[in-house]
Amino acid sequence: GGGIFVRAALERLVSEVEPARQANRHLILFADAADSEQQEGCIEIAERLRSAGAVLSVIALGTESDSDAAFLQDLAAAGGGNAWF
């Protein structure tokens with residue numbers, strides 16, 4: 001019962017993506033739509049990834065009515081990507 005630590009995952013992505021020089025960088029976060037923890041600061045990190053030229057999309061296990069679905073949709077939007085459930 002630990003949930004998905006979203007901020008920790010995004011912080012790791014930033015450390016890998018910012019120095020990368022690939023032309024196309026589309027990142028996929030796979031998360032639980034009912035158990036995504038560490039939401040604080042994640043929108044800002046997604047915006048940072050986007051400003052670094054990356055796109056962040058989300059694949060969410062669950063449905064759009066789950067407790068963390070709106071957060072995951074907002075996260076994908078901030079990253080310039082899409083959210084799929």
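**Leu56 and its contacts.** Leaving out neighbours within four places in sequence, Leu56 is in contact (heavy atoms within 4.5 Å) with Leu10, Leu13, Leu27, Leu29, Ala46, Leu49, Leu75, Ala76, Gly79, Gly80, Gly81 and Asn82. The model is predicted: local features need pLDDT of at least 70, side-chain atom pairs count only at pLDDT 80 or more, and totals for chains, interfaces and linings use all residues. Residues are numbered from 1 along each chain as its sequence is written, and side-chain values use heavy atoms, without hydrogens and water.

**The largest nonpolar core.** This core has 21 residues. A nonpolar core is a set of buried Ala, Val, Leu, Ile, Met, Phe, Trp, Tyr and Cys residues joined through side-chain atoms within 4.5 Å; buried means under 20% relative accessible area (1.4 Å probe, protein chains only). Leu10, Leu49, Leu56, Leu72 and Leu75 touch the most other members. Two or more residues each come from α1, β2, α2, β4 and α3. Helix α3 gives the largest share, 5 residues.

**Helix α1 and its buried face.** Helices are DSSP runs (H or I, at least four residues), and strands are E runs of at least two. Val6, Leu10, Val14 and Val17 are the buried residues of α1. They line one face of the helix, because they fall within an arc of 80 degrees seen down its axis; the arc is that of the directions from the helix axis to the C-beta atoms. They pack against β1, β2, β3, α2, β4 and α3.

**Ser57 in strand β4.** Ser57 is found in β4 (residues 55-61). It is buried, with a relative accessible area of 0%. Its side chain makes a polar contact with the side chain of His26 (2.7 Å). A polar atom of the Ser57 side chain also lies 3.0 Å from the backbone nitrogen of Asn82. A polar contact is a pair of N or O atoms within 3.5 Å; within protein, one must be able to donate a hydrogen and the other to accept it, and residues adjacent in sequence count only if both atoms are side-chain atoms.

How values were computed
Buried < 20%, exposed > 50% of the residue type's maximum accessible area, 1.4 Å probe, protein only.
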